[in-house]
Amino acid sequence: DRLDDNDVELPMKWLTDFQTSTMSEVLSIQDIEKEITSVKKDLDSIEAMNDLPYDIWLNEYKEELEDKKLKKTAVHGDFQIRNILIDHEKSVTNVIDWDWRYQEKGNPIYDFVWLATNIMMLSNDPITEFRSNLNDNGKAATAKRKIKDTMKNHFTVNLDFTKLQRFMILRFITIKIKEGTDEYQLYIEILKEQLA
């Protein structure tokens with residue numbers, strides 16, 4: 001329940017413990033450039049992306065991370081509400097659906113930002129819900145703040161959440177295109193909300 005503080009805090013504790021136990025070498029500028037190049041190549045072939053300044057967003061993402069010295073960790077890759085099970089009696093978090101998106105040594109921001117994005121648009125009207133949470137007055141505004149605060153404490157650096165989130169959504173669009181679904185169109189509309 002994204003509106004229950006405990007239901008947000010338990011997965012945050014699970015994720016920080018998971019990352020701490022799987023931490024490895026520093027995420028290098030070459031690693032960041034490689035992921036940007038891959039995403040850009042895919043976005044360049046999507047006609048619906050032509051109206052969005054994704055080149056600027058990719059560059060902002062690179063600038064945001066290049067001097068932060070984050071350490072690579074294992075990455076679930078689809079860390080979102082439907083894959084998180086909480087045993088309330090034992091205060092234990094279990095994570096399911098470990099598929100092809102899992103990485104043994106990946107970018108540690110992915111799971112934090114993807115969970116926050118998922119929480120921000122959880123509604124029958126995901127675009128309106130995302131907009132209200134983007135402006136910090138939606139139902140999930142408190143959960144989003146908790147995730148951002150956890151990231152700040154965990155990484156011991158203040159990160160620009162919007163720049164990270166734009167990259168994650170761009171990356172997710174490329175995944176959805178490869179899966180052959182039109183679900184990516186929703187995420188293009190979500191990105192347009194960040195321009196409004």
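This is a predicted model: local features need pLDDT of at least 70, side-chain atom pairs count only at pLDDT 80 or more; totals for chains, interfaces and linings use all residues.
**Exercise 1. Helices H2 and H7**

Find how H2 and H7 are oriented to each other, and which residues meet.

*Solution.* 
- Step 1. Take the axes. H2 covers residues 29-44 and H7 covers residues 161-178. Their axes come within 9 Å and cross at roughly 55 degrees.
- Step 2. Classify the angle. Angles under 35 degrees count as roughly parallel, and 65 to 115 as roughly perpendicular. H2 and H7 are therefore oblique to each other.
- Step 3. The crossing of H2 with H7 is left-handed.
- Step 4. List the residues. H2 brings Glu35, Ile36, Val39, Asp42 and Leu43. H7 answers with Phe167, Leu170, Arg171, Ile173, Thr174 and Lys178.
- Step 5. Sort them. The contact of H2 with H7 holds six nonpolar, one polar and four charged residues.

**Exercise 2. Helices H4 and H7**

Determine whether H4 and H7 are roughly parallel or roughly perpendicular, then describe their contact.

*Solution.* 
- Step 1. Read the geometry. The axes of H4 and H7 come within 10 Å, and the crossing angle is roughly 85 degrees.
- Step 2. Apply the cut-off. The range from 65 to 115 degrees counts as roughly perpendicular. H4 is therefore roughly perpendicular to H7.
- Step 3. Name the partners. From H4 come Ile109, Tyr110, Val113, Trp114, Ala116, Thr117 and Met120. From H7 come Phe161, Leu164, Gln165, Phe167, Met168, Ile169, Arg171 and Phe172.
- Step 4. Sort them. The residues of the H4 contact with H7 divide into 12 nonpolar, two polar and one charged.

**Exercise 3. Helices H5 and H8**

Work out the orientation and hand of H5 and H8, and list the residues in contact.

*Solution.* 
- Step 1. Read the geometry. H5 spans residues 126-134. The axes of H5 and H8 come within 10 Å and cross at roughly 30 degrees.
- Step 2. Classify the angle. Under 35 degrees counts as roughly parallel. H5 and H8 are therefore roughly parallel to each other.
- Step 3. H5 and H8 cross in a right-handed sense.
- Step 4. List the residues. H5 supplies Pro126, Ile127, Phe130, Arg131 and Leu134. H8 supplies Leu186, Glu189, Ile190, Glu193 and Gln194.
- Step 5. Sort them. The contact of H5 with H8 has six nonpolar, one polar and three charged residues.

**Exercise 4. The core and Tyr61**

How many residues has the largest nonpolar core, and which have the most contacts inside it? Then place Tyr61 in the structure.

*Solution.* 
- Step 1. Size the core. The largest nonpolar core has 56 residues.
- Step 2. Name the residues with the most contacts inside it. They are Met49, Tyr61, Ile109, Ile147, Met151, Leu170 and Ile173.
- Step 3. Trace the elements. Those giving two or more residues to this core are helices H1 (5-22), H2, H3 (54-65), H4 (109-120), H6 (141-155), H7 and H8 (184-195), plus strand E1 (73-75).
- Step 4. Tyr61 sits in helix H3. Its relative accessibility is 0%, so Tyr61 counts as buried.
- Step 5. List its contacts. Leaving out residues up to four places away in sequence, Tyr61 touches Ile32, Glu35, Ile36, Asn107, Ile109, Tyr110, Lys163, Leu164 and Phe167.
- Step 6. Compare sequence with space. Tyr61 and Leu164 are 103 residues apart in sequence, with 6.0 Å between their C-alpha atoms.

**Exercise 5. Gln194**

Is Gln194 buried or exposed? Name what Gln194 touches.

*Solution.* 
- Step 1. Locate the residue. Gln194 is in helix H8.
- Step 2. Judge burial. Buried means under 20% relative accessible area. Gln194 has 9% relative accessibility, so this residue counts as buried.
- Step 3. List the contacts. Not counting residues up to four places away in sequence, Gln194 touches Phe130, Leu134, Thr162, Gln165 and Arg166.

**Exercise 6. Positive phi in loops**

Locate Asp97 and Thr156, and give the phi and accessibility of each.

*Solution.* 
- Step 1. Take Asp97. Asp97 lies in the loop between strand E3 (92-95) and strand E4 (103-106). Its phi is near 65 degrees, a positive value in a residue other than glycine. With 36% relative accessibility, Asp97 counts as partly exposed.
- Step 2. Take Thr156. Thr156 is in the loop between H6 and H7. Phi of Thr156 is positive, about 50 degrees, although Thr156 is not a glycine. With 70% relative accessibility, Thr156 counts as exposed.

Definitions and conventions
Residues are numbered from 1 along each chain as its sequence is written. Side-chain values use heavy atoms; hydrogens and water are left out. Axes are lines fitted to C-alpha atoms, for helices over the stretch in contact, and angles run from 0 to 180 degrees between N-to-C directions. Helices (H or I, at least four residues) and strands (E, at least two) are DSSP runs, numbered from the N terminus. Angles under 35 degrees count as roughly parallel, over 145 as roughly antiparallel, 65 to 115 as roughly perpendicular and the rest as oblique. A crossing is left-handed if the near helix is turned anticlockwise from the far one by less than a right angle, and right-handed if clockwise. Contact means heavy atoms within 4.5 Å. Ala, Val, Leu, Ile, Met, Phe, Trp, Tyr, Cys and Pro count as nonpolar, Asp, Glu, Lys and Arg as charged, and the others, Gly among them, as polar. A nonpolar core is a set of buried Ala, Val, Leu, Ile, Met, Phe, Trp, Tyr and Cys residues joined through side-chain atoms within 4.5 Å. Buried means under 20% relative accessible area, exposed over 50%, partly exposed in between (1.4 Å probe, protein chains only).
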